[in-house]
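Colleague: Before I use this model, I want to know what stands behind each label. Take me through the terms and the values.

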Amino acid sequence: MARITYHGVGIKAISSCVPQEIVYNKDLGYLIPQEEIEKTINNIGIEQRRIAAPDVTASDLSFKAAKQLFADNSIEPESIDVLLFMSQTADYRIPATSCLLQHRLGLSRDTLCFDISLGCSGYLFALSAAFAYASMEGINRVLLLDGETFSKIVNRRDKVDWPLYGDAGTATLIEKGDYGDATFILNTDGSGEDTLKIFAGMRNPVTADSCVEREREDGNIRTDLEVFMDGMDVFNFAISKVPKSVKQLLKETERTVEDLDFLVFHQANRFMMDFFVKKLKISPDKVPYCIHKYGNTSSASVPLTISSELSGRLEGDNIVLMSGFGAGLSWGSAIMNMRDCSVSPVIEY
Amino acid sequence: MSIDQFIENFTELFDETDPDTINATTQFKDLEEWSSLLALSVIAMIDEEYDVEFRGEDIRSSNTVEDLFKIVQSRAE
């Protein structure tokens, strides 16, 4: 079992950037019968989402978030030792986007850079990698950029996926300091690979046919280059694994939900998060939501929620639990003291 | 585990459907209020009330309320 505790490493700062363009779910009349739209919005809790322009990528959004983080915290680019880019919507297939970002951000050529690819659970896994590097001798600061533009890989006539996803880029600065212990529990079950998938890849090579829009289950339209999700299976997976993961982490760190200042979930959909709140018997005031404004931004949703809802609210000691879950299947939770974390409010691209 | 209790739990998930119209033999996917989001409520209800993992395939392969109940019953044992 991947249960990891890091000592003396923590999150110094977080910032986020979303595209300017807003799309409203009330305008989905072409996809969902008019009389069902309001009910759908209430259930998933998503009124509007931010969609990146065709020439704006996840790395652009993350770059702007990183610049903001540097400016707000007087961080010299040369002080970054490791840059991780977590995304499934990278700029190119080759090279890794983290290399491009090293150059663009003016980081030293001594910077260790690589990309991490995971679905909605990605922030937790990438944060664990960042904590691991920051724990090592020779490394002081790690910059984790987590950005996604699912609008580019979801078909607008897919009524399961299109109402959910929004775009965002985020930056998290991890460094050595007086933060106490941070504990992560990370899990994987690859038997669920078909639950959330893009079929085209090296296993199913891309041909002209991959770009053809076809009618799929329940009248949804998509190409083989776009995301498929079995909503019911994802839901079943999440409700059976996430509350257990949170409870296990609390138990192993000898805490209860009462000890938490905040519990930040991956913003999958409102109905699911409300279910977690009920199941964990945690006070809803401790569970921040930004899904109504930004939708499900995949792995960027945890840091985006912190930027959107916890800016100025993390002064002093703050015990925060984060939990992410998604394609893989993959899920993980972390608990840490986000002592005096500097959170920049969300900016626009 | 009684089917009457299961039908009651199932019926409570609907807002607009007359509870008296739902019984063991009801073809639930034909109900006007049925939707993919309601299916999620069914999965959540089965997790909460019966501690049983219910998959999308279980919903797809079921036609009547009794079909759902039988799957829950078989897994709860």
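Modeller: Start with burial. A residue is buried if 20 or more other C-beta atoms lie within 10 Å of its own, exposed if 12 or fewer, and partly exposed in between, with C-beta atoms placed from the backbone. By that count, buried residues make up 52% of the 349 residues in chain A. In chain B, 22% of the 77 residues count as buried. This is a predicted model, in which local features need pLDDT of at least 70 and side-chain atom pairs count only at pLDDT 80 or more, while totals for chains, interfaces and linings use all residues. Residues are numbered from 1 along each chain as its sequence is written, and chains are lettered from A and ligands numbered from 1 in the order in which they are written.

Colleague: What makes A:Pro284 count as exposed?

Modeller: The neighbour count. A:Pro284 has 11 C-beta neighbours inside 10 Å, so it counts as exposed. It is found in the loop between α6 and α7 (291-294) of chain A. A:Leu263 is 21 residues away in sequence, and 9.4 Å away in space, C-alpha to C-alpha.

Colleague: Why is β14(A) called mostly covered?

Modeller: Strand β14 covers residues 330-337 of chain A, and eight of its eight residues are buried. Both faces are covered: A:Ser330, A:Gly332, A:Ala334 and A:Met336 are buried on one side, A:Trp331, A:Ser333, A:Ile335 and A:Asn337 on the other. In a regular strand the side chains alternate between the two faces of the sheet.

Colleague: What makes β13(A) and β14(A) a pair?

Modeller: Two strands pair if DSSP finds at least two bridges between them. Strand β13 (residues 319-326) of chain A and β14(A) have eight, in the antiparallel sense. In one of these, A:Gly324 is the bridge partner of A:Gly332. Three residues lie between the strands of this hairpin, and A:Gly328 takes a positive phi near 150°. Strand β7 (residues 167-188) of chain A also pairs with β14(A), antiparallel over six bridges. There A:Phe184 stands opposite A:Ala334.

Colleague: How do you know where the buried residues of α6(A) lie around the helix?

Modeller: Helix α6 (residues 270-280) of chain A has A:Met272, A:Met273, A:Phe275 and A:Leu280 buried. Its buried residues fall within an arc of 155° seen down the axis, so they line one face of the helix. The arc is that of the directions from the helix axis to the C-beta atoms. These buried residues pack against α5 (231-252) and β12 (262-265) of chain A, together with α2 of chain B. A:Lys281 follows α6(A), with a positive phi near 50°.

Colleague: What counts as a contact, and how many residues of chain B are in contact with chain A?

Modeller: The cut-off is C-beta atoms, placed from the backbone, within 7 Å. By that test, 13 residues of chain B are in contact with 13 residues of chain A. The largest share of the chain B side, seven residues, comes from α2(B).

Colleague: Which residues touch the most other members of the largest nonpolar core?

Modeller: A nonpolar core is a set of buried Ala, Val, Leu, Ile, Met, Phe, Trp, Tyr and Cys residues joined through C-beta atoms within 7 Å. The largest has 121 residues, and A:Leu84, A:Ala130 and A:Leu144 touch the most other members. α5(A) gives the largest share of this core, ten residues.

How values were computed. Two residues are in contact if their C-beta atoms, placed from the backbone, lie within 7 Å. Helices (H or I, at least four residues) and strands (E, at least two) are DSSP runs, numbered from the N terminus.
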